[in-house]
Amino acid sequence: MQEFGYERPDCIEAAVGLMREGDTRALAGGTDLIPQMREGRRSVGRIVDLKHVPDLIAVFELPGGGLSIGAAASATIIARHARIAADYPAIAASVRLIGSVQVQSRASLGGNVCNAAPSADGVPALICHRARARIAGPDGAREVELEELFTGPGRTTLAPGEILTAIVLPPVLPRSAAHYLRFTPRREMDIAIAGSGVWIRLDEQGAIAEARIALASVGPTPIRAETAERKLVGERPSRALLEEAGRLAAGDARPISDTRGSADYRRSLVSVLTARALAQCCRSIGVEVDAP
Amino acid sequence: MKALIRCTVNDEEHVVLADPRDSLLELLRDRLGLTGTKEGCSNGNCGTCTVLVDGAPVNACLMLAAEAQGHEVVTVESLSEGTKLHPIQQALVEYGGTQCGFCTPGIVMSAKALLDANPRPTEDEIRHAIAGNLCRCTGYDKIVAAIAAVAATEGE
Amino acid sequence: MTVLPGGGNEKKELWIVGKRVPRVDGRERVTGKAIYPADLNLPGMVHAKILRSPHAHARIRRIDTSRATALKGVVAVVTAADFVDLPIGATVTMGDAGYDVWVVAHTNMARETVHWVGQPVAAVAAVDVHTAEAALKLIEVEYEPLPPVVDLAEAMAPDAPVLHSNVVTKGVEPAPRSPSNVCSRTVIERGDTAAAIERATAIGEAHARIDTAHQGYLEPQVVVAQVDPNGFATVWASTQGQFTAELMLARILGLPQSKIRVVPLEVGGAFGGKIALHGEAAAVRLAEKCGQPVKLVLTREEVLQGGSGPAAGALIDIRVGADREGQLTAIEGTYRVDAGGLPGMSPSLIMQASAALYQCPNLKLEGYDVVTNKPRTEAYRGPGGIQAAFAMEQALDVLCQRLDLDPLEFRKRNAAVTGSLMPIGTPFPTIGLTTILEEVGQHPCWTDPLPAGKHPRGRGLALGYWRGTSMTSAAHITIAGDGRPMVTMGPVDISGTRTAMAQVVAEEFGLSVEDVHVSTGDSKSAGYSDIAAGSRVARTTTAALVEASADALRQLRMRAAEKLQASPEDLDYAGGVFRTRKPGGAAISLAELMQATLGEGAIVGRGVSTRLPLGVEIGAHVCDVEVDPGTGQTTVLRYTAFQDVGCALNPPAIEGQMQGSVAQGLGWALTEGFDYAPDGRLRNASLLDYRIPTALDVPPIDCVLIETPVPGVPYGVRGVGEVPIVPVAGAVANAVARAIGVRVWHMPMTPERVLRAIRGGVLD
């Protein structure tokens, strides 16, 4: 491993100051960054450990019912947080899929986002919930739609010197639910060959008023399955509809073939995972729909 | 540039000079001589190096030594007192939950983290808690039985 | 429990053999106190790293180590030039055939040509690992890349690039004139197989493709080597055989055996993968050059990416024929085995393993040992057995489906029995396959109806055979001053040997397990013993220790007789006490005896086992699976393993061997396979993408132990450690096929492969 410097600021301003130098990388859980450095896949001159900034590891309730999750809060903290477990169960469940129990003790949702792996299990449920990314940088703070952060594998729109400080969740809406399903050959300790996060809201008549579908591992970034989303809106849930949405989502996917799976297999998985996740959402809202 | 790291390991305060590149695993094994924690992959993929940091199970290979500053680390060495084994260790011996023994210290620590948080786990919860610890010898059956036996007696 | 003791004549109640005894070395393991080579640190120790080939096939034009040597902190550098250039075919002692040390020399350091990605080309020792790593980057190697041949079938094509210009196919008449990647052809034949296939009422066939897999031990290879000023080398290693390691080191380093001592420390899993050398020779030469102890620790990536030998992939085609009554009439098989970059993976054992358990008059088995530009393969638990059974047990299952026969009933009709002919033409020694099949038929795992589930389910049955070996083991017992037996054995403990041997010696002495201390000696303190492999250690070491115990007790009896003023034959011995036979007679305990006679000299009981009868291993496995038709994922719901163990020295240890074997087999059956790019680079060289099963992927595994003692072997002990991996993939495959109605011929049967099979080969 090449030599590098290590800094541990205790406030966001100091962290941003330290990030200005080129070749600097923010460290949250380190479960992606440390192996990347050890294997020489990422060259880093200095790392800035964010875990000693209290704001970055806390979960806040926002006025109006939303939540703010500190970017460096661990998966375990997030999964055990009462409000997240109650109102955003898809997020609590999806961080429980990251690596193993040991990895979850360290890994953060912010790191999962900033590492920008297309396979990140924590991300689709955030996109489904319309999460926003709060960013601090040399020019002050800004906030963007979380899904706009991603530009490619390992790449984000964060400018040099910027850090992700929090993930902001809007309040949950009545008659809505989200669910994330991923497929891995092993039950745990594995990387998604494909994943599908879905969110739907039903109107008073029981038709789908809004739908969001975010896919993992089937494109250079987490991607939305917009064709499938459009198909769902205005329809009443049925097995045929969910299967059709699955097929359309598979068409929206842009997978590659690699050692984990072929593009064709990934599309097949998107189809079945999307339909099953939609059925799970319907069930959470109290509408039983048979799933494939 | 090496830096001084102050942390608590097994209830004892240590001040250790470490290279920023050192992992917590290297700090424990090479600087403190605590070789009970084993290295199986150095990539967080096998759980062999599991230790507790502030009570939570972590892969010591996935943590920089520098990150241990100010934290409490517990390793397998602290569980037994002289020849008296911790109940988890005792059960693993009695139930045949250790064979080559290389994954065993990590399994012990994962089991401890589980039972500290959840004294009466189901079999599924036990399997989930050690899913991050690969074992190539036992097929896991006797490990699961050992942990369940501890839960059955200690959890009462 | 009652079993037949050695000789098989007299029945004897056993005192401690056969009891459920916790491992005698368990406490060290659970406390982290057991010492593996990585835990050893010596004063002044330096650290080694190996430079490995980035090419799968290339000629080495030039190696320049001068810049690395000049780097501050580097203390020694070695290349192939620092080792003996052994002649092709050089072997060291092992069993009847010897062990190919020329091959091991080339896994130590490539010479002139590299044959796989990860083959060593140089090694460096430096003050710390970081410096050693930096030095590797300063070694200049000029390669002339050659076309790689990675695929097994392609390597056999007549126009394939040839790996070894000296290899001409053996076993073909007349001998070919040009070199080939097919190193040998082996044929086992009897009767007229073609005619029998022609006449058969039904045919079952298999076209199996098995990916290369890895043993997956959790402890990467580590060695510490030190050479003293007299040139005497001590090597602390994680090895399955300290004596074999010593023999290999002596040849590769050009040192006399008397100048090398190999100390086997705890082995963190081996499964066949720690028989050869993986850096030990380089470490010794570096230590010799720099005069400091050297430690070499392989990384997990090195272990997977060419730094250690995986298990052979294979292409196996089988046809089996039967008559209307379900009597097997023909077995025809072609076995193409992927040896990796160096020759020497004999297909003979695979061929035997696949056909041995069935009585069949017509047999034609043809095997090929083929080289490819992949890591040289090594042994893995019953080497070739699981591959063979994956093909054969499916071919038989297909046959049963075509004949509409119950697979258990079919096997009962055709099962080998004591005295029936093995494929190689010799009669089977005492075996209990019939008993195993009876037990299967009565067990709930077979009689319970398969419960319905959310997805399609199936139940599979498969049998497994493993021949095992015996070779030689030595042990000696000294009697401590307190009268307790102290055992030093030659074989390395990789499976709980110390515990089982403590039971054997406790039984022989009438003492408790706590009274006996057992350790493995190093290559200078124990008697020559072969490797811990081939399911031979418990059997042969038991034999050696029965002999050593008798030898020690005979010496003790002489002394006791003298002390008790009686003739030796008038003494009774039981529970550690010699007693004169007359009522109220005098007695002396071993403790009293030794305290009184220590000064008369040591008591050393010696035992050596050679050419012990084989402990043929047979098992039957039943498993239930559920297959998700949406994802192709197979979930193993229930698993039961039946095995004839001869005599269960320590039942929980055997269950542990069986359960561990099944878990390994499930891994290869479903998720573990090496994925090589066309250029020979392994794409899944991590424990993330090389998917060893976790606790959530393995169901509870029930074990049924059956005891048919082996005549002529003390306690009737049979081999146990290898056969339980053999039937696993076949049992799972048969269950999957019965769940989804199609066969998945490519192992591992990954979810993608299963889904493709369900959808007729096309995913869209």
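C:M471 is buried, at a relative accessible area of 15%, where buried stands for under 20% relative accessible area, exposed for over 50% and partly exposed for anything in between, with a 1.4 Å probe and protein chains only. This methionine sits in the loop between β20 (457–466) and β21 (473–479) of chain C; helices (H or I, at least four residues) and strands (E, at least two) are DSSP runs, numbered from the N terminus. Most residues other than glycine have a negative phi, and most peptide bonds are trans. The model here is a predicted one, in which local features need pLDDT of at least 70 and side-chain atom pairs count only at pLDDT 80 or more, while totals for chains, interfaces and linings use all residues. Residues are numbered from 1 along each chain as its sequence is written, chains are lettered from A and ligands numbered from 1 in the order in which they are written, and side-chain values use heavy atoms, with hydrogens and water left out.

C:F271 also has a positive phi, of about 60°, although it is not a glycine. That phenylalanine is found in the loop between β15 (260–264) and α8 (280–290) of chain C, and with a relative accessible area of 14% it is buried. Chain C has cis peptide bonds to look at as well. One of them joins C:E173 and C:P174, with omega about -10°, and C:P174 is placed in the loop between α5 (152–155) and β11 (182–190) of chain C. Another runs from C:M747 to C:P748, with omega near 5°; here C:P748 belongs to the loop between β31 (746–747) and α20 (751–758) of chain C.

Next come the places where the chains meet. Between chain C and chain B, 49 residues of chain C are in contact with 46 residues of chain B, contact being heavy atoms within 4.5 Å. The size of an interface is often given as the accessible area lost when the parts come together. For chain C and chain B the buried area is about 3800 Å², 56% of it on carbon and sulfur atoms; buried area is the accessible area (1.4 Å probe) that two parts lose on being put together, summed over both. There are 4 salt bridges across this interface, each a side-chain nitrogen of Lys or Arg within 4 Å of a carboxyl oxygen of Asp or Glu. Among them, B:R136 pairs with C:E672, and the closest N and O atoms are 2.7 Å apart. Polar contacts link 23 residue pairs across the interface of chain C and chain B, with both residues at pLDDT 80 or more. Such a contact is a pair of N or O atoms within 3.5 Å; within protein, one must be able to donate a hydrogen and the other to accept it, and residues adjacent in sequence count only if both atoms are side-chain atoms.

On the side of chain C that touches chain B, the elements giving two or more residues are α1 (26–30) and α18 (651–670) of chain C. The most comes from α18(C), with 8 residues. By class, this side has 24 nonpolar, 16 polar and 9 charged residues, counting Ala, Val, Leu, Ile, Met, Phe, Trp, Tyr, Cys and Pro as nonpolar, Asp, Glu, Lys and Arg as charged, and the others, Gly among them, as polar.

Chain B also touches chain A, in a contact that takes 28 residues from chain A and 30 residues from chain B. These chains bury about 2300 Å² between them, 56% of it on carbon and sulfur atoms. In chain A, the residues losing the most area to chain B are A:R38, A:Q102 and A:R106, together 27% of what that side buries. The salt bridges between chain A and chain B number 2; one of them puts A:K51 with B:E67, the closest N and O atoms being 2.5 Å apart. Polar contacts here come to 10 residue pairs, both residues at pLDDT 80 or more. On the chain A side, α2 (33–38), β3 (46–49) and α6 (101–106) are the elements that give two or more residues, and α6(A) has the largest share, 5 residues.

B:C41 is in no disulfide, and the nearest cysteine sulfur, that of B:C46, is 3.8 Å away. B:C41 is buried, at 9% relative accessibility.

Technical notes
Disulfide = S-S within 2.5 Å.
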